Structure formats: structure tokens, C-alpha cells
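Have the structure open while you read.

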Amino acid sequence: MSQQLADIIVSSNTVFTGLSDQPEPASIAIKDKTIIAIGSDEQIKPYLGKNTKIYQFNDQLIMPGFHDFHLHIMDGAVAMNSANLFPARSEEEALEIIRNFAESIPEDQWVIGTTWDAGYWDTQQLPNRFSLDRILPDRPALMFHAEGHYVWVNTKALEIANIHRDTENPSYGIIGKDENGEPDGLLYEKAMGLVIRHAYNFTKDEKKELFANFLDHAASLGVTAVHDLFATESLEILNDFDVFKEFEDNGKLTTRVHLWPALNGNLEHVKRLRDTYQSDKLRVSGLKQFIDGVITPRTAYLLEPYADQPETRGEISFPSDTIKKWVVDADKEGFSIRFHAIGDGAIRLALDAYEEAQKTNGKRDSRHSIEHVEVIHPDDIGRFKELDVTASMQPDHFAMSERGVYTDRIGNEREKYVFLINTLQKSGARLAFGTDFPIDVLNPLLQIYRAVTRIDNSGKTVWHPHERITLAEALKAYTAGPAYGTFREHELGTLEAGKLADIVVLERNLFDIPVEEIPDTKVQLTITDGNIVFDDTKSLNKQYT
């Protein structure tokens, strides 16, 4: 049999295959979409042909492509073109950012912004519609809170959505009201949808442009695979899996996309979707739903009341019997399930539902997971391993919340059990990392940095130093962990002969630089499915002749 010749060979002194904990020198030969060999320069030489493209690196780190286990593609694509309010340290600063942004897009009807957080403002007071009205009296404005579970809108947006003092709250949603009973411009949980459906009414061509921008952004950050999770009913308007399919058919899908539509009892619909989307690059991987909200507005579901508001412990988005029935039925049909669960009450309910599915349907390799896992009861830590449930976490989330506000909500006792990344891993739980983009930026290295340092939002203090994990563990949680979480460990997640060629090259060796430089390390080369989808090597690129 004649020797296969490689399309591409990449080599470096520092290759992190994911099979050990340290990088080592290696060369990787790629043909079509597969890694055909990995070894020393000498071992790879026979794969060299006159048309082989060679990338010879020195100490730049070669590693498996980043695999983001939790994000929202189209929502993120919209956010990329929105006002970023995260830097604001007062309501006035936020308004100034919004005003400047609105002036820069005079042709757009809606003014959309993201990631404001009053916990970081000088007053720590929630805003209302009147301050937005002052700068945008005639254009509707929609500003997403940093955690994505409530929005700040102006009067024009309320008018378009026909929200007034007599509008009823949707189930698991609240229309904020002032002391006179008038809407105050804050909409919580499912009430957000009343406005979003108007703001996000994009044409097919606009969706294609948004998706193309997302793919370029992902490639530039070394993200070769993503999990697009059901966000909310109100954001469903953005979803158009046919757009993704069209990109795939045209050879333009440069990131693998795993789809997780809603777990809502409608199994016939999602079974049809699963049959329709089932390729290497675009597939339905399972179902996702919310059990609770988030800590700061006290919509996360706790076992005991909130420390600073003892009359509430949050609530669940659906009755627990409904949640359990949906899980048992979907599990029986072979679906993997993922629940957003932030409070200890929500995490326990998710684990209980998975346990019930095992008892009812028998044990199977189901690979269910829980998303975020922020405040856990110590009794539930070991259940992740017992039930083989993946802990799907976003380490930078603990630095996004204002730590003092977070601790005020849950009190000091529960604060000991916040974002237990190392504890969960030591207990035998499988970790998988992601960003929750656009709740956070898409850069994987920011998550890696938080996981290995545990530095909180002050930039100085370490939040639970014993919860740090090693760099190798963090990288594996961003590569091998998600591959396992979607039954693809035989083809993704490590660099080995026979696996799909999803590879990223970073400009520096992360194992050899000060940790504070990790988040700013740039990507030199991204390969997805054997194709170069991002190339910033410039002079490094030598064509073999």
C-alpha cells in the first residue's frame, strides 16, 4: 500500500496532546479531515509530499481545538454588534456608552446593549426606564443584564410590546412595577420575551450575516466546536438551524455545532430535529432546559431562604413533577439532557430527576449534565460521579458577579460551597468548560485563567484558593471534557492518529508564561476538520517546495 501524503504538517517543541499533563515535541500529519500520524519529525517525514503545507513552530503551543460546552450562537452574534455595558461603574457611565453607541448606528431602529451590572455601580441601585428615556425618547432600547435573566428597557420598547400597568406577568416572569403600579422598565425571566420578540425580528439574510460574523470570531479564538444551548423561549425567534445547514452545505461551516433544543415535553418535534441534523459538523446532541434563574436578582432556587431576603428562596421554572416526567420520557428516547441549575435547590432537583430516570428506565450511558453549578449543597457533591453527570462550568462567572453582592445574597455558610471546581473534580465528577457567550466573552483563555488562579473580580483576591485546578486539568476540561459530554471522545478532544483534525496553535506556550498573561495570548492558527480556518502565522508559514 502506498504511503499516504499529508495535506498539512504542523510541528512544535510544545505539543499538548491531552494524553499527558505536559507538552512535548511532536509533528502532526493531517490528510483530508483526519490526523493520520503524530510523532517525531523523523517519523512524520514519510508523509511529506511536494504539495504538503508545512507549519513549523518553535515553542508555540499546539493543542486540541477549544470546545465550548455552553454558549448561545445567535444571541452572541447579536451581542457582538451591541453596546457593551460591562465597564460602566455608574448608571451615568452606562447611559453615556448607550448614547454613543446609538449615535453610531442611526439606521437601526432598536438600540441593544448587554452585560450591565448595577452591583458594580456606585449606588448599587437598579435603573429604570426614565433614565433611558432621557437619552432615547423615540427609539426602543433593550439592555441585557450581565447574567442574561433580566433586561432594562425604555418607555418606547414597552409601548411597542404593549406592556402597561394591567399587563399580566407571564408564568415564571415578572414585569417590574414602580410604587404607582406602572412598569418601571425592568423585565425578569420570561417577561423579557415580550420585548425581545420585537427587537430580534431579523430577516434570513441578516441571520446569515450574524452567523458568518460568529464563525469568524470563533475561528480567531481557536474555538473549533461549540454547543448551542436553548436559551429562552423569547430568544427562539433567533434560531434558524436551516441557516447553519446552508453554511454546512456550502462548505462554510468552520466550527462544529452541537444543537441542544428545548426539553419541554414535545418529543416528536425534537426527534424529527435529531433525525434531520446528524452530521460530523452539525448535529442535535440532546435537550436543555432551565430549572432556576440567577443569584443576584434572587431568582436562583435555594434549599433555604436568601440571607438578605428571608421571605424568598427563589422559585423553579416548572413544577418538579413536570421536570421529572420530561427527563424520564426524554431519557427513554435516548436524549442527553442538560439543566441550567445555579442554586443548591435547583442542582438537587436536577440530580433527583436524573436519578429517577435511571430507576425508571434502567442505567444507561446517558451523559446528562448540569450547567453552572454555582451554589451546591455538600450532600450533592458525590452524586455527580454516582450518576455520571457532567459538571458544565464557566470559571469566569465567579469573577463576573460582584463578589460582595453575591455573598450578601447567600450568606457566609453557603459561600463555602460556591463554584467548587476542584472539589467536584476530586470527587470524580467530569468537568466540561465553556463561556456561556454572550453572557461572557468567547475567549476560552479567560476561563482557563480563572480556573487556575481563582482570582475574583477585584483582580487581587483569590476566591477559595483550594478550588484552583492545574493548567493541564483546565485545558482538558475545555477539550476532552466536552468531547466526552457529547459522545465524541473517540474522534475529538485529544491529538491522536485517527481523530478529527481540530487543532489550535497559540502564540506562546501557556505552560511557560506568567499566569496573568494567559488571557491575552493570541491564536496563530486554527484548523477545523482538517481545514485552516484562521491563519495569523504570517512569516512563520513556509510552503514546502
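In this predicted model, Asp388 comes out as partly exposed because its relative accessibility is 27%, which falls between the 20% and 50% cut-offs. Its salt-bridge partner is Arg430, with the closest N and O atoms 3.1 Å apart. Opposite charges like these can pair when the charged atoms come close. Here's the rest of the charge story, by topic.

**The Asp240–Lys207 pair**
- Asp240 and Lys207 bring their side chains together in a salt bridge, at 4.0 Å from N to O.
- Here again distant parts of the chain are linked: Asp240 is in the loop between strand 13 (223–229) and helix 8 (241–249), Lys207 is in helix 7, and they're 33 residues apart.
- Buried or exposed: which is Asp240? It's buried, because 14% relative accessibility is under the 20% cut-off.
- Lys207 is buried as well, with a relative accessible area of 8%.

**The Arg298–Asp308 pair**
- Arg298 and Asp308 meet side chain to side chain in a salt bridge of 3.1 Å, N to O.
- Both residues lie in the loop between strand 16 (286–290) and helix 10 (320–332), so this pair ties together parts that are 10 residues apart in sequence.
- Asp308 has a relative accessible area of 29%, so it counts as partly exposed.

- How many salt bridges does the structure hold? The count is 38.
- Some charged residues go beyond simple pairs: Arg348, Asp352, Glu355, Lys359, Asp380 and Arg383 are linked in a network of salt bridges.

- Glu107, Asp108, Glu206 and Glu209 make up a negative surface patch.
- One of these, Glu209, is part of helix 7 (residues 204–220), and Lys207 from the Asp240 pair is in helix 7 too.
- Why does Glu209 count as exposed? Because its relative accessibility is 55%, and exposed means over 50%.

Terms used: Residues are numbered from 1 along each chain as its sequence is written. This is a predicted model: local features need pLDDT of at least 70, side-chain atom pairs count only at pLDDT 80 or more; totals for chains, interfaces and linings use all residues. Side-chain values use heavy atoms; hydrogens and water are left out. Patches are made of residues with over 30% relative accessible area and no salt bridge: like charges are joined within 9 Å, nonpolar side chains (Val, Leu, Ile, Met, Phe, Trp, Tyr) within 5 Å. Accessible areas come from the Shrake-Rupley method with a 1.4 Å probe; for residues, only the protein chains shown count as cover. Lys and Arg count as positive and Asp and Glu as negative; His and the chain ends are not counted. The place of a charge is taken as NZ of Lys, CZ of Arg, CG of Asp or CD of Glu. Helices (H or I, at least four residues) and strands (E, at least two) are DSSP runs, numbered from the N terminus. Buried means under 20% relative accessible area, exposed over 50%, partly exposed in between (1.4 Å probe, protein chains only).
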